Amino acid sequence: MSDELVRAANVCARSKAAVIEMFGDLRMGRVIQVDHVADMVREISDSLMRHPDALINLARLKTADEYTYMHSVAVCGLMIGLARQLGLPPLLVQDAGLAGLLHDIGKMTIPETILNKPSALTEVEFETICSHPEAGATLLDHQYFSLRVLDVCLHHHEKIDGSGYPHKLRGSQISLFARMAAVCDVYDAITSDRPYRRHWGAAESIHRMAGWEGHFDQKVLYAFVKCVGIYPVGALVRLRSERLAIVMEQNADSLLIPKVKVFYSIARGMPVAQELVDLASGQDAIVGLELEKNWGFNHLETLWTEGVCRDFPSCRPASPSCK
Ligand SMILES: [Fe+2]
């Protein structure tokens, strides 16, 4: 995991630059370099092959400013992980990644003042935002992408109960790829900082999404949970030993016994020497999830990123050059 975090950090940085270039090309009316985009998806896919937890969790740690670009990279990684979890063949896994990378391409037609507005949107602004799926599908219409990719652009905001947009599709009217994208898109959006709100923790987000009736396809959501974990990497958990720990890595055989890093004693009310514990050994166990905000911890992510800074992979969090 720690080796792949460094490599994934590099992949994220390169992918972000490539997405910025791709958005720029489209703005200038140029054709997207399809080979270029496909290579990027393959790089992201290879990172997930080497370790499924590194890139998808690292891509979650984005600043509000870089959200538009890093969200594409994050959803690409999540779509690839979810497609593999669903047992799709390699060609469709690659297409799922492409669809994730391009799903919000229509947002480049929306003014940034609206996209990043820190206060409530007016009715007109909301309607403008809701035009991005159709704008995206139009933009990609004359490019060389599959119909599945176009469909994800157009329908990733549809909901199973028919209350989504733009076409109020319901149930099986929504393609599998669009149902997958709906889950990946929302998960990354709510676990990321935005100009108008702080992120929710990964585990808290999963829990909330499971409670939104009529929003997601339940089978797809279940596969997604198997992919990111009931206790995703970075989740703050309470152990039977009355200690707090951060989830470091999933266990391929059981979602309930990940590897964790213990760092705090609840009984003593103070940090303790950090210790990596593989819960598969049975020496301790998770008794529940804790909310970061209830403990007032800041920068818990430095515990599981192990010093890897996404934009500057070689520097440490203590370095002033790190954001
Ligand atoms: Fe969207």
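Student: Which hand is the crossing where H9 passes H10, left or right?
Tutor: H9 passes H10 in a right-handed crossing (the near helix is turned clockwise from the far one by less than a right angle). Helices here are DSSP runs of H or I with at least four residues, strands are E runs with at least two, and both are numbered from the N terminus. This is a predicted model: local features need pLDDT of at least 70, side-chain atom pairs count only at pLDDT 80 or more, and totals for chains, interfaces and linings use all residues. Residues are numbered from 1 along each chain as its sequence is written.

Student: And what's the angle between the axes of H9 and H10?
Tutor: The axes of H9 (residues 147-155) and H10 (residues 176-190) cross at roughly 50° and come within 9 Å. They are lines fitted to C-alpha atoms over the stretch in contact, with angles from 0 to 180 degrees between N-to-C directions.

Student: Which residues make the contact?
Tutor: H9 brings Arg 148, Asp 151, Val 152 and His 155, while H10 brings Phe 177, Ala 178 and Ala 181. Contact means C-beta atoms, placed from the backbone, within 7 Å.

Student: New topic: in what order do the strands of the open sheet come?
Tutor: Five strands run S4-S3-S2-S1-S5, with antiparallel pairing. Two strands pair if DSSP finds at least two bridges between them. S4 (270-278) and S5 (286-289) are the edge strands, each pairing on one side only. On average, neighbouring strands are turned by 35° against each other, direction ignored.

Student: How many bridges join S1 to S5?
Tutor: Three bridges join S1 (residues 236-239) to S5. Val 237 has Leu 289 in S5 as its bridge partner.

Terms used. Two residues are in contact if their C-beta atoms, placed from the backbone, lie within 7 Å.
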